[in-house]
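Here is a short briefing on core packing, a cavity and charge pairs. Please look over the sequence and the structure first.

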Amino acid sequence: MREKWHWMAGIIFFLLTIHPNTFFAENRSLQDLVDQTPAHGTLLLQNKTYSGNVTISKPIAIKGAGKTNIKGDGTGNVILIQKPAIGTRLENLRISHSSKSRNSVEEYSAIKVLSDRNVLKNLTISDSFHGIYFSSSNENDLSKVCITGMGGGKSPVKGTVSN
């Protein structure tokens, strides 16, 4: 019996060291998960709703599982990609609920991009003042991005996208 217990403890220890986020991600905020993802690492999200608002300040990939939602708190940008995060990837995500205030100094969006060479792919954006807002960012790649405006119509991408 004692050998069986040691064997089980060894397997649990092994699994926790190989995949620590798998076991304890339920109680962590999305910002904590982003902060704990190493530069150039990949954060795989589950099919559930995560609470934003999130700031990304290093190049990482965030990949959803098909029905992954990131819902902002309605007070700012849902996802902010800052300058050090050159080459960030966002894929297979539904993003919603940025601030819709027209009275603030900052223009909020579902995704605000302030860095270069990011990839935004297979995204559905809704319930946001601006869908994607580019500022001082170049060479970003967008594909299969659907943005629905607050009135149900299509909303434009703000900024310019260069190849």
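Which side chain meets Lys 100 in a salt bridge? The side chain of Asp 127 does, at 2.9 Å from N to O. A salt bridge here is a side-chain nitrogen of Lys or Arg within 4 Å of a carboxyl oxygen of Asp or Glu. This is a predicted model: local features need pLDDT of at least 70, side-chain atom pairs count only at pLDDT 80 or more, and totals for chains, interfaces and linings use all residues. Residues are numbered from 1 along each chain as its sequence is written, and side-chain values use heavy atoms, with hydrogens and water left out.

**Salt bridges**

- By this rule the count is 3 salt bridges.
- Side chains of opposite charge can pair when their charged atoms come close.
- Lys 100 and Asp 127 are joined in one of them. Lys 100 sits in the loop between β7 and β8, and Asp 127 in the loop between β9 and β10, so the pair ties together parts that are 27 residues apart in sequence. Strands (E, at least two residues) and helices (H or I, at least four) are DSSP runs, numbered from the N terminus.
- Lys 100 is partly exposed at 31% relative accessibility, and Asp 127 is partly exposed at 31%. Buried means under 20% relative accessible area, exposed over 50%, and partly exposed in between (1.4 Å probe, protein chains only).
- Arg 89 pairs with Glu 91, with the closest N and O atoms 2.6 Å apart. Arg 89 is partly exposed at 31%, whereas Glu 91 is buried at 8%.
- Lys 112 pairs with Glu 106, with 3.0 Å between the closest N and O atoms. Here Lys 112 is buried at 7%, and Glu 106 is partly exposed at 30%.

**Surroundings of Glu 91**

- Glu 91 belongs to strand β7.
- Leaving aside neighbours within four places in sequence, Glu 91 contacts Ile 62, Lys 63, Gly 64, Lys 121, Asn 122 and Leu 123. Contact means heavy atoms within 4.5 Å.

**Nonpolar core**

- The largest nonpolar core has 27 residues. Such a core is a set of buried Ala, Val, Leu, Ile, Met, Phe, Trp, Tyr and Cys residues joined through side-chain atoms within 4.5 Å.
- Ile 56, Leu 90 and Ile 111 have the most contacts inside this core.
- At least two core residues come from each of α3 (30-36), β3 (54-56), β6 (79-81), β7 (89-96), β8 (109-113), β9 (119-126) and β10 (130-134).
- Not counting residues up to four places away in sequence, Leu 90 touches partners including Ile 56, Ile 111, Val 119 and Lys 121.

**Cavity**

- The structure holds 1 cavity of 30 Å³ or more. A cavity is a set of points, on a 1 Å grid over the protein atoms alone, where a 1.4 Å probe fits but cannot get out; lining residues have an atom within 4 Å of a point.
- The largest cavity has a volume of about 40 Å³. That volume is the space filled by probe spheres set on the points.
- Leu 30, Leu 45, Val 54, Ile 56, Ile 62, Ile 70 and Ile 79 line the largest cavity.
- Its lining divides into 7 nonpolar, no polar and no charged residues. Ala, Val, Leu, Ile, Met, Phe, Trp, Tyr, Cys and Pro count as nonpolar, Asp, Glu, Lys and Arg as charged, and the others, Gly among them, as polar.

**Asp 32**

- Asp 32 lies in helix α3 and is partly exposed at 35% relative accessibility.
- The C-alpha atoms of Asp 32 and Val 54 are 9.2 Å apart, with the two residues 22 places apart along the chain.

How values were computed:
On a 1 Å grid over the protein atoms alone, a cavity is a set of points where a 1.4 Å probe fits but cannot get out, and a pocket is an open set with protein on both sides within 12 Å along at least five of seven lines; lining residues have an atom within 4 Å of a point.
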